[in-house]
Structures are given as C-alpha cells and as structure tokens.
Amino acid sequence: MSAAAVEHPCDGEPESLLETANSLMEQHPGYRVEIIGGVITVAPSPDAPHARVLTKTMRPFITAGLDDGETEVLQGIGLWLPGGPEDYAIPDLAVVDADLDDHLVENNCHDPAVFRLVLEVTSSNYNNDLRNKVVAYAEAKIPVYVIVDRKHGRVHVLTDPMGGGYDSHEVYAPGQTVTLPDAIGAPVTLDVAELIRAGRPRA
C-alpha cells in the first residue's frame with residue numbers, strides 16, 4: 001500500500017481528501033482507497049491467498065451464529081473514523097450489529113459504534129495494519145481488532161481500546177488457537193496454523 005500523491009488543479013478550490021479518495025477509486029476499480037490519519041492510502045486488489053484467509057476466517061464466525069440475529073459478518077464495508085474530519089477505513093472483515101444500515105454516516109461508511117470486531121489480513125501494507133490502523137481503530141473504540149499477519153506468520157488480537165492504542169495485545173503463533181472475547185456476541189476460536197497456511201501461495 002502506498003500513500004497517494006494528491007494533485008490539485010491550478011485554479012479553483014482544491015479537492016478535499018474525500019473527493020480525491022473517491023476520484024482515485026473511480027480511476028482504479030478494485031483498489032482499496034482509505035484515509036487514515038489524514039493520509040490517503042491505496043492498495044491493489046488482494047491476491048488469492050489473502051482471499052483464502054478471509055474464507056477460512058469467516059467460517060467459525062458463521063458457525064457460531066454471528067451472521068444471523070443480532071449481528072452480521074461482512075467483508076469490505078466502510079468504517080467512519082473519528083481520527084480526522086474525513087478519515088475512514090475499509091476493514092477486510094467485520095462483525096457488526098444487525099442494524100448497521102441505520103448507522104450510515106457519510107461516503108458509504110458506518111458509525112464505529114456498530115462494529116464489534118474488525119479483522120485485517122496483511123499484504124504489502126502490513127505496516128499500515130500493524131501500526132496506523134491500531135491507532136485508528138483504538139480511537140474509534142472498536143472492541144476487538146484481529147490481524148492475520150502473513151509476513152511474520154502470526155495472529156494478533158488487540159482488545160480494550162484506550163486512546164491511541166489497545167491495552168491488551170496478544171500474539172499467537174502456529175500451533176496455538178485464539179479464543180476471541182465473548183463481547184463479539186458468541187464464542188469463536190481460530191486456528192492460527194490454518195490461517196497462516198491459507199495465506200501462503202499454493203505450491
């Protein structure tokens with residue numbers, strides 16, 4: 001993921017960050033454009049191993065009943081962030097309250113109050129997921145942030161948001177399982193080895 005260069009016309013009012021981000025999305029269909037900490041980032045379409053991790057990850061959430069009733073399990077929905085006037089993110093996966101549609105804020109993004117968990121699968125943008133988004137999601141008071149770190153072969157679980165970070169940050173390696181907090185709505189356990197294996201290209 002790279003910070004996008006912002007170009008403004010020589011005359012007239014300069015574009016807002018949000019206008020620039022939307023213009024980049026139109027110019028690059030399939031790319032993910034976000035504004036984190038007042039900086040536009042652009043990521044290319046995910047590769048197949050990234051998609052496999054998301055498929056493997058969704059299954060235990062759905063099996064636990066989190067995609068029916070009070071919650072939904074969704075990919076790629078907009079999350080409006082309080083860190084800047086135009087900040088927003090598009091997490092890879094989220095567990096949200098079922099009344100999500102009633103909490104649309106702006107630019108097809110939703111109030112962070114309805115997000116119970118967000119999950120990111122790292123690609124070339126791993127520093128953004130491991131650093132900038134930790135701060136952004138904590139400021140948004142997202143209760144649980146999970147990172148499937150394909151580069152380093154581990155899973156991070158961050159809970160108890162406070163200010164610019166999370167009070168609890170646990171790291172799990174292959175061979176371990178991750179039991180997520182009941183606060184997301186149901187007991188969910190993730191197999192770290194399975195997720196890391198899914199995130200590698202097939203031989």
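Me: At about what angle does helix H2 run to S10?
Reply: In this predicted model, helix H2 covers residues 48–63. The helix lies across S4, strand S7 (93–97), strand S10 (115–121) and strand S11 (144–149). Its angle to S10 is about 150°.

Me: Which strands are the edge strands of the sheet?
Reply: The open sheet has 6 strands in the order S4-S7-S10-S11-S12-S13, with mixed pairing. An edge strand here pairs on one side only. That applies to strand S4 (71–75) and strand S13 (165–172).

Me: How many bridges join strand S12 to S13?
Reply: Strand S12 spans residues 154–162 and runs antiparallel to S13. Within these two strands, Val 155 stands opposite Tyr 172. The number of bridges joining S12 to S13 is 7.

Me: Which strand does helix H3 run at about 170° to?
Reply: Helix H3 takes in residues 126–139. The helix lies across S10, S11, S12 and S13. The strand at about 170° to H3 is S11.

Me: Is Asn 128 buried or exposed?
Reply: Asn 128 lies in helix H3, and its side chain makes a polar contact of 2.9 Å with the side chain of Asn 132. The relative accessibility of Asn 128 is 8%, and the cut-off for buried is under 20%. Asn 128 is therefore buried.

Methods
Residues are numbered from 1 along each chain as its sequence is written. This is a predicted model: local features need pLDDT of at least 70, side-chain atom pairs count only at pLDDT 80 or more; totals for chains, interfaces and linings use all residues. Side-chain values use heavy atoms; hydrogens and water are left out. Two strands pair if DSSP finds at least two bridges between them. Helices (H or I, at least four residues) and strands (E, at least two) are DSSP runs, numbered from the N terminus. Contact means heavy atoms within 4.5 Å. Axes are lines fitted to C-alpha atoms, for helices over the stretch in contact, and angles run from 0 to 180 degrees between N-to-C directions. Buried means under 20% relative accessible area, exposed over 50%, partly exposed in between (1.4 Å probe, protein chains only). A polar contact is a pair of N or O atoms within 3.5 Å; within protein, one must be able to donate a hydrogen and the other to accept it, and residues adjacent in sequence count only if both atoms are side-chain atoms.
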